[in-house]
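Please take a moment with the sequence and the structure shown here before reading on. The paragraphs that follow begin with the whole chain and then turn to one of its sheets.

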Amino acid sequence: MHVHFLGEQDDGLSLSSHHALALCASGVEVSFSPPGYVNITQARDANVIHVVTRGPWTHPLFHGVFRLRSIGASVVRVWTGEDVLWAQWHLPSRTAAHATARTGVHQFCRTEVERDRLATLGITAQMLPMVSMNICVRSKPHPLPRQPTILSYVPLDKSDFYGCDLMESLVRWFPDVRFLILGESPKTPSGKNLDRRGRLHKFARTIQRATAVTHARRDQTLSRLVLEALSHGRHAITTCEFAHAAVVRSTDDFIEAIRRLSRGAPFNLAGRE
């Protein structure tokens, strides 16, 4: 069995990376085309093509998928909340989504919110479980750090979508709180209490160094980082309704949630359920 991945890089953080790791653990061969490019020679030899766009459809990706379908390749598209927003508000992306779906590309998503939004666009998607190699509820619990520490994710070139402006405000508002920023975006905030992290090979250890994670993406759908944090007994501050997480709607809500945690947060045992 061989699965070839299109659309995302294998950086250890992307959705495709986590799916590839899970498949490798089951003995499946995986390969990647670089983002923005479709290696037809390599992809056509695979049993399944796995596509995540993470933004608007690009012409190379669009034509690559069409060509692969024309030679009978089995193609699976896995939607993210970001992709759904592009399909809702960007006509070329919506047109490409409908066109590829008509060719027989299988459609999958990870949350009910994404499934329902796609249904309003006339796209039927099946639900997939959230996959992460960093979700572990059986591991030995690690205590929360002594210094209140907030972990966030700001990927390359998507700082606005992931709430970089909010993080800048929080870093200034809480000088005694440590902030860990994942990702390689050049627009990440600055401050003496901020520590940037790029590509990580020991992601679970980074989660264990945090008190809580923040999730401020504009799509307001469930984040994998939230599930990862909860599984390690950390707290989560998120715009998405989820059990054992602090649900917020505004900057003031984020500030109040961090203020409560900085006063002394207990291990989030309920989050590991």
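**From the whole chain to a sheet**

Of the 273 residues in this chain, 51% count as buried, and it should be kept in mind throughout that the model is a predicted one. The accessible surface of the chain comes to about 13,100 Å², and carbon and sulfur atoms account for 52% of that surface.

Taken along the principal axes, the box that the C-alpha atoms fill is roughly 60 × 40 × 35 Å. Among contacts between residues at least 6 apart in sequence, 68% join residues that are at least 24 apart.

We can now turn to the sheet. It is an open sheet formed by 6 strands with parallel pairing, and their order is β9-β8-β7-β10-β11-β12. At its edges lie β9 (194-197) and β12 (246-247), each of which pairs on one side only. Within the sheet, strand β7 (residues 149-153) and strand β10 (residues 212-215) run parallel and are joined by 2 bridges, and leucine 151 has valine 213 in β10 as its bridge partner.

Helices also pack on this sheet. Helix α7 (residues 164-173) touches β7, β8 (178-182), β9 and β10, and its direction makes about 160° with that of β8. Helix α10 (residues 251-262) packs on the sheet as well, touching β7, β8, β10 and β11 (235-238), while the direction of α10 makes about 170° with that of β11.

Technical notes: Residues are numbered from 1 along each chain as its sequence is written. This is a predicted model: local features need pLDDT of at least 70, side-chain atom pairs count only at pLDDT 80 or more; totals for chains, interfaces and linings use all residues. Side-chain values use heavy atoms; hydrogens and water are left out. Two strands pair if DSSP finds at least two bridges between them. Helices (H or I, at least four residues) and strands (E, at least two) are DSSP runs, numbered from the N terminus. Contact means heavy atoms within 4.5 Å. Axes are lines fitted to C-alpha atoms, for helices over the stretch in contact, and angles run from 0 to 180 degrees between N-to-C directions. Buried means under 20% relative accessible area, exposed over 50%, partly exposed in between (1.4 Å probe, protein chains only). Accessible areas come from the Shrake-Rupley method with a 1.4 Å probe; for residues, only the protein chains shown count as cover.
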